[in-house]
Amino acid sequence: MARPDPRPARLRRRDLLLMVLGTAAFLADLGTDLWMACSYVRAGHRLWGVLVLALLALSSLATQLFSWAWHHTDPPVLRERLAPGACLALLHLLQLGYLSRCVHALKVGWQVCKPGVTEEEKAYVLFLSHDISMLRLFETFLETAPQLTFVLYVILQTNEIELFQGFGICTAFLCVAWALLDYHQSLRCFLREKYKLDLLSSFVYFTWNFFLTCPRILSVALFATLFPHFIALHVLSVWAVMVLWVWLQKTNFMDSPGLEWFYRATVGMILYFCWFNVAKGRTIYRSIIYHVFILVDCALLVASWAWYNSPLDEHLYPCYVLPAALVCYFLGLLLKGIYYKYFHPTMQTQHHDEVDAAGSVTAAEFRAGRAPVIVNKRMYQLVQSHFAASSLAGQSLANGVEADALL
(Lines give C-alpha, C1' and ligand atoms only; values in the text may rest on other atoms or scores of the structure.)
Protein backbone atom coordinates (compact mmCIF):
# COMPACT_ATOMS: atom_id res chain seq x y z
CA MET A 1 0.00 0.00 0.00
CA ALA A 2 1.23 3.50 -0.82
CA ARG A 3 2.05 5.55 2.21
CA PRO A 4 0.38 9.00 2.40
CA ASP A 5 3.15 11.54 2.83
CA PRO A 6 2.24 15.24 3.16
CA ARG A 7 5.73 16.10 1.96
CA PRO A 8 5.61 15.94 -1.85
CA ALA A 9 8.57 14.47 -3.71
CA ARG A 10 11.26 16.71 -5.17
CA LEU A 11 10.86 18.71 -8.33
CA ARG A 12 12.52 17.08 -11.32
CA ARG A 13 13.68 18.68 -14.56
CA ARG A 14 10.96 16.73 -16.31
CA ASP A 15 8.40 18.42 -14.05
CA LEU A 16 9.76 21.83 -15.06
CA LEU A 17 9.48 20.89 -18.73
CA LEU A 18 5.88 19.80 -18.17
CA MET A 19 5.15 23.15 -16.53
CA VAL A 20 6.52 24.93 -19.61
CA LEU A 21 4.44 22.78 -21.96
CA GLY A 22 1.33 23.25 -19.80
CA THR A 23 1.69 27.03 -19.93
CA ALA A 24 2.25 26.87 -23.70
CA ALA A 25 -0.88 24.73 -24.12
CA PHE A 26 -2.91 27.27 -22.13
CA LEU A 27 -1.67 30.13 -24.32
CA ALA A 28 -2.32 28.12 -27.49
CA ASP A 29 -5.87 27.39 -26.35
CA LEU A 30 -6.42 31.06 -25.54
CA GLY A 31 -5.15 32.11 -28.95
CA THR A 32 -7.35 29.52 -30.67
CA ASP A 33 -10.41 30.77 -28.79
CA LEU A 34 -9.80 34.33 -29.97
CA TRP A 35 -9.14 33.12 -33.53
CA MET A 36 -12.36 31.11 -33.46
CA ALA A 37 -14.44 34.01 -32.13
CA CYS A 38 -13.08 36.42 -34.76
CA SER A 39 -13.67 33.87 -37.53
CA TYR A 40 -17.29 33.39 -36.52
CA VAL A 41 -17.91 37.12 -36.41
CA ARG A 42 -16.31 37.66 -39.83
CA ALA A 43 -18.44 34.85 -41.25
CA GLY A 44 -21.59 36.58 -39.99
CA HIS A 45 -22.22 34.24 -37.03
CA ARG A 46 -21.99 36.89 -34.34
CA LEU A 47 -23.93 34.85 -31.79
CA TRP A 48 -21.46 31.99 -32.10
CA GLY A 49 -18.56 34.39 -31.64
CA VAL A 50 -20.23 35.89 -28.56
CA LEU A 51 -20.79 32.42 -27.09
CA VAL A 52 -17.11 31.54 -27.52
CA LEU A 53 -16.05 34.76 -25.78
CA ALA A 54 -18.69 34.27 -23.06
CA LEU A 55 -17.36 30.81 -22.21
CA LEU A 56 -13.84 32.21 -22.14
CA ALA A 57 -14.85 35.12 -19.90
CA LEU A 58 -16.87 33.02 -17.43
CA SER A 59 -14.10 30.44 -17.01
CA SER A 60 -11.52 33.19 -16.60
CA LEU A 61 -13.58 34.94 -13.92
CA ALA A 62 -14.02 31.67 -12.02
CA THR A 63 -10.32 30.83 -12.25
CA GLN A 64 -9.30 34.29 -11.06
CA LEU A 65 -11.71 34.08 -8.13
CA PHE A 66 -10.26 30.76 -7.00
CA SER A 67 -6.73 32.08 -7.42
CA TRP A 68 -7.48 35.26 -5.44
CA ALA A 69 -9.27 33.36 -2.68
CA TRP A 70 -6.37 30.94 -2.31
CA HIS A 71 -3.90 33.81 -2.10
CA HIS A 72 -5.79 35.12 0.92
CA THR A 73 -5.65 31.77 2.71
CA ASP A 74 -1.93 31.30 2.08
CA PRO A 75 0.59 32.40 4.73
CA PRO A 76 1.70 36.02 4.25
CA VAL A 77 5.25 34.95 3.41
CA LEU A 78 3.98 33.05 0.37
CA ARG A 79 1.88 35.95 -0.87
CA GLU A 80 4.83 38.31 -0.53
CA ARG A 81 7.00 36.13 -2.74
CA LEU A 82 4.59 36.31 -5.67
CA ALA A 83 3.80 40.04 -5.71
CA PRO A 84 2.75 42.89 -3.40
CA GLY A 85 -0.92 42.92 -2.44
CA ALA A 86 -1.87 45.80 -4.78
CA CYS A 87 -0.13 44.15 -7.73
CA LEU A 88 -1.85 40.85 -7.02
CA ALA A 89 -5.24 42.53 -6.97
CA LEU A 90 -4.50 44.32 -10.25
CA LEU A 91 -3.29 41.13 -11.93
CA HIS A 92 -6.47 39.28 -10.98
CA LEU A 93 -8.63 42.23 -12.01
CA LEU A 94 -6.96 42.12 -15.44
CA GLN A 95 -7.60 38.34 -15.61
CA LEU A 96 -3.86 37.65 -15.39
CA GLY A 97 -3.76 35.99 -11.97
CA TYR A 98 -3.50 32.43 -13.30
CA LEU A 99 -0.92 33.34 -15.94
CA SER A 100 1.16 35.21 -13.35
CA ARG A 101 1.16 32.07 -11.21
CA CYS A 102 2.46 30.06 -14.16
CA VAL A 103 5.22 32.56 -14.96
CA HIS A 104 6.26 32.83 -11.30
CA ALA A 105 6.33 29.04 -10.92
CA LEU A 106 8.50 28.71 -14.03
CA LYS A 107 10.88 31.36 -12.73
CA VAL A 108 11.20 29.72 -9.31
CA GLY A 109 11.35 26.25 -10.87
CA TRP A 110 14.29 27.27 -13.05
CA GLN A 111 16.14 28.53 -9.99
CA VAL A 112 15.33 25.37 -8.05
CA CYS A 113 16.90 23.17 -10.72
CA LYS A 114 20.27 24.79 -9.99
CA PRO A 115 22.57 23.23 -7.35
CA GLY A 116 22.66 24.46 -3.75
CA VAL A 117 18.94 25.11 -3.37
CA THR A 118 17.26 24.54 0.01
CA GLU A 119 14.49 22.02 0.58
CA GLU A 120 12.11 24.87 1.38
CA GLU A 121 12.63 26.37 -2.06
CA LYS A 122 11.95 23.00 -3.68
CA ALA A 123 8.79 22.58 -1.62
CA TYR A 124 7.68 26.09 -2.55
CA VAL A 125 7.76 25.48 -6.29
CA LEU A 126 5.76 22.28 -5.81
CA PHE A 127 3.30 24.26 -3.71
CA LEU A 128 2.87 26.63 -6.65
CA SER A 129 2.57 23.84 -9.21
CA HIS A 130 -0.20 22.12 -7.24
CA ASP A 131 -2.34 25.26 -7.23
CA ILE A 132 -1.71 25.69 -10.96
CA SER A 133 -2.74 22.09 -11.55
CA MET A 134 -6.07 22.58 -9.78
CA LEU A 135 -6.75 25.90 -11.51
CA ARG A 136 -5.95 24.34 -14.88
CA LEU A 137 -8.42 21.54 -14.20
CA PHE A 138 -11.17 24.01 -13.26
CA GLU A 139 -10.49 26.17 -16.33
CA THR A 140 -10.51 23.14 -18.61
CA PHE A 141 -13.96 21.91 -17.63
CA LEU A 142 -15.47 25.38 -17.34
CA GLU A 143 -14.30 26.51 -20.78
CA THR A 144 -12.48 23.93 -22.90
CA ALA A 145 -14.92 21.02 -22.55
CA PRO A 146 -18.05 23.18 -23.13
CA GLN A 147 -16.36 24.87 -26.09
CA LEU A 148 -15.38 21.50 -27.56
CA THR A 149 -19.06 20.55 -27.37
CA PHE A 150 -20.01 23.82 -29.06
CA VAL A 151 -17.48 23.36 -31.88
CA LEU A 152 -18.79 19.85 -32.51
CA TYR A 153 -22.34 21.25 -32.58
CA VAL A 154 -21.35 23.84 -35.20
CA ILE A 155 -19.67 21.18 -37.33
CA LEU A 156 -22.74 18.93 -37.17
CA GLN A 157 -25.00 21.89 -37.92
CA THR A 158 -23.06 23.12 -40.96
CA ASN A 159 -21.74 19.75 -42.20
CA GLU A 160 -18.31 21.26 -42.77
CA ILE A 161 -15.18 21.89 -40.77
CA GLU A 162 -12.98 24.97 -41.00
CA LEU A 163 -9.26 25.12 -40.29
CA PHE A 164 -9.72 27.06 -37.06
CA GLN A 165 -12.30 24.51 -35.88
CA GLY A 166 -9.96 21.60 -36.51
CA PHE A 167 -7.16 23.41 -34.72
CA GLY A 168 -9.53 24.26 -31.88
CA ILE A 169 -10.55 20.61 -31.47
CA CYS A 170 -6.89 19.54 -31.36
CA THR A 171 -5.92 22.16 -28.76
CA ALA A 172 -9.05 21.38 -26.71
CA PHE A 173 -8.25 17.67 -26.55
CA LEU A 174 -4.64 18.52 -25.71
CA CYS A 175 -5.73 20.78 -22.84
CA VAL A 176 -8.21 18.24 -21.48
CA ALA A 177 -5.62 15.45 -21.59
CA TRP A 178 -2.97 17.69 -20.07
CA ALA A 179 -5.22 18.89 -17.26
CA LEU A 180 -6.25 15.35 -16.29
CA LEU A 181 -2.73 13.91 -16.36
CA ASP A 182 -1.16 16.90 -14.62
CA TYR A 183 -3.79 16.83 -11.89
CA HIS A 184 -3.34 13.10 -11.38
CA GLN A 185 0.44 13.46 -11.28
CA SER A 186 0.08 16.16 -8.62
CA LEU A 187 -2.08 13.84 -6.53
CA ARG A 188 0.45 11.03 -6.78
CA CYS A 189 3.20 13.43 -5.79
CA PHE A 190 2.16 12.90 -2.15
CA LEU A 191 2.50 9.10 -2.39
CA ARG A 192 6.21 8.45 -2.26
CA GLU A 193 6.08 4.73 -2.96
CA LYS A 194 4.07 5.30 -6.15
CA TYR A 195 5.09 8.83 -7.00
CA LYS A 196 6.21 8.02 -10.52
CA LEU A 197 3.27 7.83 -12.91
CA ASP A 198 4.77 5.50 -15.53
CA LEU A 199 3.80 5.52 -19.18
CA LEU A 200 1.49 2.52 -18.98
CA SER A 201 -0.55 3.82 -16.04
CA SER A 202 -0.61 7.29 -17.64
CA PHE A 203 -1.93 5.78 -20.85
CA VAL A 204 -4.62 3.76 -19.06
CA TYR A 205 -5.67 6.74 -16.91
CA PHE A 206 -5.96 9.09 -19.88
CA THR A 207 -7.64 6.50 -22.10
CA TRP A 208 -10.49 5.66 -19.74
CA ASN A 209 -11.15 9.36 -19.15
CA PHE A 210 -11.03 10.00 -22.89
CA PHE A 211 -13.37 7.12 -23.72
CA LEU A 212 -15.89 8.24 -21.11
CA THR A 213 -15.77 11.95 -21.93
CA CYS A 214 -16.01 11.79 -25.74
CA PRO A 215 -19.40 10.00 -25.87
CA ARG A 216 -20.71 12.50 -23.35
CA ILE A 217 -19.65 15.45 -25.49
CA LEU A 218 -21.03 13.82 -28.66
CA SER A 219 -24.45 13.12 -27.13
CA VAL A 220 -24.81 16.69 -25.88
CA ALA A 221 -23.72 18.11 -29.27
CA LEU A 222 -26.21 15.90 -31.15
CA PHE A 223 -29.05 16.96 -28.86
CA ALA A 224 -28.09 20.62 -29.34
CA THR A 225 -28.36 20.35 -33.15
CA LEU A 226 -32.09 19.65 -32.84
CA PHE A 227 -32.95 21.50 -29.63
CA PRO A 228 -30.56 24.47 -29.34
CA HIS A 229 -33.03 26.32 -27.13
CA PHE A 230 -33.39 23.42 -24.69
CA ILE A 231 -29.73 22.50 -24.30
CA ALA A 232 -29.21 25.28 -21.75
CA LEU A 233 -32.11 23.91 -19.71
CA HIS A 234 -30.60 20.44 -19.86
CA VAL A 235 -27.18 21.70 -18.76
CA LEU A 236 -28.66 23.67 -15.87
CA SER A 237 -30.81 20.73 -14.75
CA VAL A 238 -28.00 18.17 -14.74
CA TRP A 239 -25.60 20.71 -13.22
CA ALA A 240 -28.07 21.37 -10.38
CA VAL A 241 -28.31 17.63 -9.71
CA MET A 242 -24.53 17.38 -9.60
CA VAL A 243 -24.22 20.35 -7.23
CA LEU A 244 -26.75 18.67 -4.95
CA TRP A 245 -24.72 15.47 -5.21
CA VAL A 246 -21.55 17.32 -4.15
CA TRP A 247 -23.38 19.06 -1.29
CA LEU A 248 -24.67 15.73 0.02
CA GLN A 249 -21.07 14.55 0.25
CA LYS A 250 -20.37 17.43 2.67
CA THR A 251 -17.30 18.88 1.01
CA ASN A 252 -15.07 21.20 3.02
CA PHE A 253 -12.54 22.45 0.48
CA MET A 254 -12.72 26.24 0.79
CA ASP A 255 -12.36 28.39 3.89
CA SER A 256 -15.73 30.15 3.78
CA PRO A 257 -19.31 28.94 3.16
CA GLY A 258 -19.82 31.20 0.17
CA LEU A 259 -16.65 30.06 -1.58
CA GLU A 260 -17.45 26.46 -0.69
CA TRP A 261 -20.70 26.75 -2.61
CA PHE A 262 -18.78 28.26 -5.52
CA TYR A 263 -16.43 25.28 -5.40
CA ARG A 264 -19.40 22.90 -5.40
CA ALA A 265 -20.87 24.71 -8.40
CA THR A 266 -17.55 24.34 -10.24
CA VAL A 267 -17.28 20.65 -9.39
CA GLY A 268 -20.86 20.24 -10.58
CA MET A 269 -19.76 21.46 -14.00
CA ILE A 270 -16.83 19.04 -14.02
CA LEU A 271 -19.19 16.19 -13.13
CA TYR A 272 -21.39 17.14 -16.07
CA PHE A 273 -18.60 15.88 -18.32
CA CYS A 274 -16.56 13.36 -16.32
CA TRP A 275 -16.07 11.68 -12.96
CA PHE A 276 -14.44 13.72 -10.19
CA ASN A 277 -14.14 12.41 -6.65
CA VAL A 278 -14.59 14.99 -3.88
CA ALA A 279 -15.33 12.92 -0.77
CA LYS A 280 -13.26 10.63 1.41
CA GLY A 281 -13.91 6.94 1.73
CA ARG A 282 -14.72 4.17 -0.72
CA THR A 283 -15.88 5.50 -4.06
CA ILE A 284 -17.11 2.39 -5.86
CA TYR A 285 -20.80 2.88 -5.04
CA ARG A 286 -20.70 6.62 -5.77
CA SER A 287 -18.93 5.88 -9.03
CA ILE A 288 -21.54 3.30 -10.07
CA ILE A 289 -24.40 5.70 -9.31
CA TYR A 290 -22.71 8.48 -11.25
CA HIS A 291 -21.94 6.43 -14.36
CA VAL A 292 -25.42 4.91 -14.45
CA PHE A 293 -26.91 8.41 -14.25
CA ILE A 294 -24.67 9.75 -17.03
CA LEU A 295 -25.27 6.70 -19.22
CA VAL A 296 -29.05 7.07 -18.89
CA ASP A 297 -28.83 10.80 -19.57
CA CYS A 298 -26.69 10.26 -22.70
CA ALA A 299 -29.07 7.55 -23.90
CA LEU A 300 -32.05 9.90 -23.53
CA LEU A 301 -30.25 12.67 -25.44
CA VAL A 302 -29.30 10.38 -28.30
CA ALA A 303 -32.75 8.74 -28.36
CA SER A 304 -34.37 12.19 -28.65
CA TRP A 305 -32.09 13.05 -31.55
CA ALA A 306 -32.78 9.71 -33.28
CA TRP A 307 -36.56 10.00 -32.78
CA TYR A 308 -36.78 13.41 -34.44
CA ASN A 309 -34.41 12.37 -37.23
CA SER A 310 -36.23 9.17 -38.15
CA PRO A 311 -35.61 7.73 -40.68
CA LEU A 312 -31.85 7.97 -40.26
CA ASP A 313 -30.91 7.41 -43.90
CA GLU A 314 -29.90 11.03 -44.31
CA HIS A 315 -27.64 10.91 -41.26
CA LEU A 316 -25.28 8.07 -42.07
CA TYR A 317 -22.26 9.61 -40.38
CA PRO A 318 -23.85 9.82 -36.89
CA CYS A 319 -25.27 6.33 -37.41
CA TYR A 320 -21.74 4.97 -37.67
CA VAL A 321 -20.38 7.18 -34.90
CA LEU A 322 -23.03 6.43 -32.27
CA PRO A 323 -22.38 2.68 -32.01
CA ALA A 324 -18.66 3.46 -31.80
CA ALA A 325 -19.38 5.97 -29.04
CA LEU A 326 -21.36 3.34 -27.11
CA VAL A 327 -18.48 0.88 -27.44
CA CYS A 328 -16.08 3.61 -26.31
CA TYR A 329 -18.17 4.30 -23.20
CA PHE A 330 -18.24 0.68 -22.05
CA LEU A 331 -14.58 0.26 -22.97
CA GLY A 332 -13.87 3.31 -20.84
CA LEU A 333 -15.69 1.72 -17.91
CA LEU A 334 -13.68 -1.47 -18.42
CA LEU A 335 -10.37 0.43 -18.52
CA LYS A 336 -11.39 2.39 -15.43
CA GLY A 337 -11.94 -0.88 -13.57
CA ILE A 338 -8.56 -2.17 -14.78
CA TYR A 339 -6.88 1.05 -13.67
CA TYR A 340 -8.35 0.96 -10.18
CA LYS A 341 -7.58 -2.74 -9.90
CA TYR A 342 -3.93 -2.70 -11.00
CA PHE A 343 -2.61 0.88 -11.14
CA HIS A 344 -4.47 2.93 -8.53
CA PRO A 345 -2.59 3.24 -5.21
CA THR A 346 -4.39 2.57 -1.94
CA MET A 347 -3.25 4.64 0.97
CA GLN A 348 -2.08 3.15 4.22
CA THR A 349 -4.20 4.83 6.87
CA GLN A 350 -2.49 7.03 9.41
CA HIS A 351 -3.93 9.36 12.00
CA HIS A 352 -2.43 12.79 12.55
CA ASP A 353 -3.17 15.59 14.95
CA GLU A 354 -4.53 18.82 13.62
CA VAL A 355 -1.76 21.34 13.11
CA ASP A 356 -2.10 25.08 12.69
CA ALA A 357 1.29 26.57 11.98
CA ALA A 358 0.50 28.64 8.91
CA GLY A 359 1.00 31.96 10.60
CA SER A 360 4.20 31.08 12.44
CA VAL A 361 6.58 31.40 9.47
CA THR A 362 8.26 34.75 9.03
CA ALA A 363 9.83 36.03 5.83
CA ALA A 364 13.25 36.11 7.45
CA GLU A 365 12.94 32.46 8.49
CA PHE A 366 11.88 31.45 5.01
CA ARG A 367 14.73 33.29 3.31
CA ALA A 368 17.21 31.98 5.86
CA GLY A 369 16.16 28.40 5.15
CA ARG A 370 14.87 27.78 8.68
CA ALA A 371 11.20 27.64 7.74
CA PRO A 372 9.44 24.28 7.71
CA VAL A 373 8.69 22.52 4.46
CA ILE A 374 5.39 23.93 3.23
CA VAL A 375 2.49 21.78 2.13
CA ASN A 376 -0.37 22.63 -0.19
CA LYS A 377 -3.38 21.91 1.99
CA ARG A 378 -5.78 22.10 -0.93
CA MET A 379 -4.05 19.41 -2.96
CA TYR A 380 -3.48 17.26 0.14
CA GLN A 381 -7.23 17.35 0.83
CA LEU A 382 -7.92 16.10 -2.68
CA VAL A 383 -5.28 13.39 -2.22
CA GLN A 384 -7.21 12.13 0.79
CA SER A 385 -10.42 12.12 -1.25
CA HIS A 386 -8.85 10.48 -4.29
CA PHE A 387 -6.71 7.82 -2.62
CA ALA A 388 -7.70 7.56 1.02
CA ALA A 389 -9.55 4.89 2.92
CA SER A 390 -12.61 5.89 4.92
CA SER A 391 -10.70 5.95 8.19
CA LEU A 392 -8.77 9.01 7.03
CA ALA A 393 -11.82 11.20 7.50
CA GLY A 394 -11.40 14.01 9.94
CA GLN A 395 -7.75 14.76 9.23
CA SER A 396 -6.93 18.37 8.48
CA LEU A 397 -4.00 20.75 8.30
CA ALA A 398 -3.40 24.41 7.67
CA ASN A 399 -2.04 25.71 4.40
CA GLY A 400 1.74 26.14 4.49
CA VAL A 401 1.98 23.82 7.48
CA GLU A 402 5.19 22.07 8.48
CA ALA A 403 5.15 18.67 6.83
CA ASP A 404 7.35 17.02 9.48
CA ALA A 405 4.69 17.72 12.07
CA LEU A 406 2.38 15.37 10.26
CA LEU A 407 4.67 12.34 10.23
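Visitor: Which residue forms a salt bridge with R136, and how far apart are the closest N and O atoms?

Guide: In this predicted model, R136 forms its salt bridge with D182, and the closest N and O atoms are 2.7 Å apart. R136 lies in helix α6 and D182 in helix α7 (residues 163-188), so the pair ties together parts that are 46 residues apart in sequence. Both R136 and D182 are buried.

Visitor: How many salt bridges does a search of the whole structure find?

Guide: The search finds six salt bridges. Another of them joins D131 to R378, with 2.6 Å between the closest N and O atoms. This pair links distant parts of the chain, since D131 belongs to helix α6 (residues 119-158) and R378 to helix α14 (residues 377-387), 247 residues apart. D131 and R378 are both buried.

Visitor: Which residues are linked with D131 and R378 in a network of salt bridges?

Guide: The network also includes D74 and R101.

Visitor: Where do E260 and R264 lie?

Guide: Both are in helix α10, four residues apart, which is about one turn of the helix. E260 and R264 form a salt bridge whose closest N and O atoms are 3.9 Å apart. A residue is called buried when its relative accessible area is under 20%.

Visitor: What does R264 lie over?

Guide: R264 lies over the face of W261, at 4.7 Å from the ring centre. A further case of a charge over a ring is R216, whose charged end sits over the ring of Y272, 4.3 Å from its centre.

Visitor: How should I read pairs between two rings, and how many aromatic pairs are there?

Guide: One reads the distance between the ring centres together with the angle between the planes; planes under 30 degrees apart count as stacked, over 60 as edge-to-face and the rest as tilted. The count for this structure comes to 30 aromatic pairs. In one of them, the rings of W208 and Y340 have centres 6.3 Å apart and planes at 50°, so the pair is tilted. W208 lies in helix α8 (residues 199-226) and Y340 in helix α12 (residues 316-342), so this pair ties together parts that are 132 residues apart in sequence.

Visitor: Is W208 buried or exposed?

Guide: W208 is buried, because its relative accessible area is 3%. Y340, at 26% relative accessibility, counts as partly exposed. A further tilted pair is formed by F223 and F227, with 4.9 Å from centre to centre and 35° between the planes. Both F223 and F227 are buried.

Visitor: Which residues do ring pairs link into a cluster?

Guide: The cluster contains W35, Y40, W48, F150, Y153, F164 and F167.

Visitor: Which residues form a nonpolar patch on the surface?

Guide: The patch consists of I284, Y285, I288, V292, V296 and L300, which together have about 600 Å² of accessible area. I284 is placed in helix α11 (residues 284-308). At 41% relative accessibility, I284 counts as partly exposed.

Visitor: What does L106 touch, not counting residues up to four places away in sequence?

Guide: L106 touches L16, M19, V20 and T23. L106 itself lies in helix α5 (residues 97-112). Although L106 and L16 are 90 residues apart along the chain, their C-alpha atoms are separated by 7.1 Å.

Visitor: Which residue has a positive phi of about 65°?

Guide: Most residues other than glycine have a negative phi. Q95 has this positive phi although it is not a glycine. Q95 is found in the loop between α4 (85-93) and α5, and at 29% relative accessibility Q95 counts as partly exposed. K250, also not a glycine, has a positive phi near 55°. K250 is found in the loop between α9 (231-248) and α10 (257-273), and at 70% relative accessibility K250 counts as exposed.

Visitor: How many helices and strands does the chain have?

Guide: The chain has 14 helices and zero strands. Of its 407 residues, 54% are buried. Among contacts between residues at least 6 apart in sequence, 79% join residues at least 24 apart. The accessible surface of the chain comes to about 19000 Å², and 68% of it belongs to carbon and sulfur atoms.

Conventions
Residues numbered from 1 in each chain as written. Predicted model: local features only at pLDDT ≥ 70, side-chain atom pairs only at ≥ 80, totals over all residues. Heavy atoms only, no water. Phe/Tyr/Trp six-rings, centres within 6.5 Å; stacked < 30°, edge-to-face > 60°. Helix = DSSP H or I, 4+ residues; strand = E, 2+ residues; numbered from the N terminus. Buried < 20%, exposed > 50% of the residue type's maximum accessible area, 1.4 Å probe, protein only. Lys NZ or Arg CZ within 6 Å of the ring centre and 35° of its normal. Patch = residues over 30% accessible without salt bridge, like charges linked within 9 Å, V, L, I, M, F, W, Y side chains within 5 Å. Areas by Shrake-Rupley, 256 points an atom, 1.4 Å probe, with all protein chains shown as cover. Salt bridge = Lys/Arg side-chain N within 4 Å of Asp/Glu carboxyl O. Contact = heavy atoms within 4.5 Å.
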